[in-house]
Amino acid sequence: MTAKNRSKRSCDYAMLSFEDAWRRISGALTPLPPVQQPLESVTGLVLAEDVIARENIPPFAASTMDGYGVLSADTTCERFVAGEQNAGLRLDLTVKEGTAVRIMTGAPVPAGADAVIPFEQTVETDGRVRLLSAVGPGENIRAIGQDIASGETVLKKGSVLGPAEIGLLATLGHSRVPVLPRPRVSVMATGNELVPIHATPRLGQIRNSNAPAIAAAVKVCGFDAIALPQPVVDDEAELERAIVEALSKSDVLITSGGVSMGTRDLVKSALARLGEILVGRVAIKPGKPLTFAMIHGKPVFGLPGNPVSSLVCFEQFVRPALRRMSGLRLLGRPCVDVRLEQGLRRDPDRTEFQRAIVERDPEGFTARGNGPQGSSRLKSLSGANALLVLPAGKGDYPAGSRVMALLINQPEASEDLPAGFPPQKLQSFWG
Ligand code: AMP
Ligand code: MG
C-alpha cells in the first residue's frame with residue numbers, strides 16, 4: 001500500500017499489452033501448499049510427489065486367460081483335470097505331468113504349471129482334457145511384477161490425476177494422495193444498480209447477472225465458487241470490508257464492476273489500499289479496465305462489469321491463472337487459423353477478441369461473427385465456440401482474411417497463453 005496507489009485514478013495505470021498483463025499475473029501466482037486428500041476427491045488434481053511402487057503388480061503369477069494350467073513340456077495326450085483354480089487362492093492344487101488345472105483369468109497359476117492354454121484350444125470330456133495345440137513356457141501368464149515392478153516410479157510429481165492414474169493409485173493401496181489443492185474462489189459483484197435475480201428491478205436497476213455467470217465459469221473449469229449472496233455497493237469502506245471478508249474465506253477473489261473511469265468505480269482504489277495493483281489497464285477489447293492485485297499473497301481479479309467483458313477476461317486471464325495455481329501445466333486453449341466469412345473492423349489501439357462460430361470446411365476452418373459485439377451483448381457469447389484474435393492496427397480485415405481463433409470449448413492444449421499475435425504454431429482440431 002503506497003500513497004501513490006491511494007491517489008491513482010484508472011487512467012494513471014500503465015496500459016499493458018495482453019502478453020505483458022498475463023506475464024505480470026502469472027509471475028505473481030504460486031501453487032497452494034500440497035495436502036493429503038482421499039483418493040475419491042483427487043480427480044483432475046495435480047500430484048504433489050512421485051509415487052514409487054512398494055510392491056509388485058501382479059504380486060503373484062496370474063493367468064491371463066480362462067483355460068488350463070499345464071506343464072508346457074508335457075506331451076501327454078489327455079491330462080487328468082486335477083481341480084479348478086478361480087480368482088482367489090487355493091493352495092492344494094499342483095500341476096505335474098499328465099495333469100492340468102482348470103484356471104480362470106486373474107487366478108494364481110498353481111504350483112508346477114508354467115503355461116495356460118485357453119479353453120478354445122482344448123476339449124474336456126469326463127474329467128480329462130486334450131490340448132488342440134502346443135503351448136510354450138510362460139504363455140498366457142502374467143509374471144510377478146510384469147505390470148508394475150516394486151521400486152519403480154509409477155507416477156511423477158506434476159501428473160494430472162485422471163482415471164488411469166487413480167486406478168494405479170488404488171492398485172498400489174493409496175487411499176490418501178498428496179496433491180496440490182484447488183484454490184477456493186470467491187465471486188463478488190459490485191454496483192449500486194444491482195438487485196438480486198429474483199427481484200423486480202426499479203428504474204435504473206438491473207439484475208446481478210455477473211455473479212452467477214462468473215460462478216458458472218469457475219465451475220466449468222472444475223473449481224468451487226463461493227458466490228457472495230449480495231452485491232456490494234459502490235462505497236469504499238463497504239468494498240474494503242467485503243474484499244477482506246471474502247479473502248478470509250478463499251484463496252482467490254474475483255470481483256465484477258467498479259474498475260473503470262466513473263466516479264463510483266471504487267474497486268481499484270480499494271484494492272490499492274489493501275494490497276498492490278499489478279495490472280490496472282490492458283490494451284484489449286473488451287476488458288480494458290481489467291485489474292489484477294495481490295493482497296496478502298492472494299490474487300484478486302477485478303473484472304469489468306459489462307457481462308461480456310467480465311466473461312472474456314475470465315477466459316483470458318482468470319481461467320489460466322486458476323489452472324496455474326492448481327499446478328496444471330496446460331493453460332492455453334488451442335488456436336487455429338481461420339478464414340473470415342465476413343469483413344471485420346480493426347481496432348487501432350487494442351487487441352480485440354470477437355466471439356464467433358468456427359467451423360471446419362474442406363479448406364480448413366471458417367469463422368463467422370455470432371452477432372453484435374458490444375460488451376453488454378451477452379447473447380452473442382452464448383453459442384460462440386471461439387474468440388477471434390484481432391491484433392490492434394490500421395486497416396480492416398476484408399472477407400477471406402485469415403486470423404487466429406481461440407477455441408473456447410476445447411480443453412487447454414498448450415503450456416502458455418498464445419504469445420505474440422499472430423500465432424506461431426497452429427494446431428488442428430476436429431479431424
Ligand atoms: P462498471 O464496470 O461497474 O462500470 O459496469 C459496466 C456495466 O456493466 C454497467 O452497465 C453495469 O450496470 C453493468 N454491470 C456491472 N455489474 C454487473 C453485474 N453484476 N451484472 C450485470 N451487469 C453488470
Ligand atoms: Mg459499477
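Where is the place of D126? In this predicted model, D126 sits in the loop that links β10 (122–125) to β11 (128–131). Its backbone stands out. D126 is not a glycine, yet its phi is positive, at about 50 degrees. Most residues other than glycine have a negative phi, and most peptide bonds are trans.

The bond from I57 to P58 is cis, with omega near -5 degrees. P58 belongs to the loop between β4 (51–52) and β5 (62–63). K285 and P286 are likewise joined by a cis peptide bond, for which omega is about -5 degrees. P286 also falls in a loop, here between β22 (284–285) and β23 (291–295).

The ligand site was examined next. Ligand 1 takes up the space of the largest pocket. Around ligand 1 there are 17 residues, and E193, N208, S209, G258 and G305 come nearest. By class, the shell divides into four nonpolar, 10 polar and three charged residues.

E193 contributes through its side chain: one of its polar atoms lies 2.6 Å from an oxygen atom of the ligand. S209 contributes through its backbone, with an N or O atom 3.1 Å from a nitrogen atom of ligand 1. At N306, a polar backbone atom is 3.2 Å from an oxygen atom of ligand 1. On its own, ligand 1 has 480 Å² of accessible area, and the protein covers 77% of it.

Charge pairing was considered last. Side chains of opposite charge can pair when their charged atoms come close. The structure holds 22 salt bridges. One of them joins the side chains of D20 and R23, with an N to O distance of 2.8 Å. Both partners lie in helix α2 (residues 18–28). D20 and R23 are three residues apart, about one turn of the helix.

Terms used: Residues are numbered from 1 along each chain as its sequence is written. Chains are lettered from A and ligands numbered from 1 in the order in which they are written. This is a predicted model: local features need pLDDT of at least 70, side-chain atom pairs count only at pLDDT 80 or more; totals for chains, interfaces and linings use all residues. Side-chain values use heavy atoms; hydrogens and water are left out. A residue is near a molecule or strand if one of its heavy atoms lies within 4 Å of it. A polar contact is a pair of N or O atoms within 3.5 Å; within protein, one must be able to donate a hydrogen and the other to accept it, and residues adjacent in sequence count only if both atoms are side-chain atoms. Accessible areas come from the Shrake-Rupley method with a 1.4 Å probe; for residues, only the protein chains shown count as cover. On a 1 Å grid over the protein atoms alone, a cavity is a set of points where a 1.4 Å probe fits but cannot get out, and a pocket is an open set with protein on both sides within 12 Å along at least five of seven lines; lining residues have an atom within 4 Å of a point. A molecule sits in a cavity or pocket if more than half of its atoms lie within 2 Å of its grid points. Ala, Val, Leu, Ile, Met, Phe, Trp, Tyr, Cys and Pro count as nonpolar, Asp, Glu, Lys and Arg as charged, and the others, Gly among them, as polar. A salt bridge is a side-chain nitrogen of Lys or Arg within 4 Å of a carboxyl oxygen of Asp or Glu. Helices (H or I, at least four residues) and strands (E, at least two) are DSSP runs, numbered from the N terminus.
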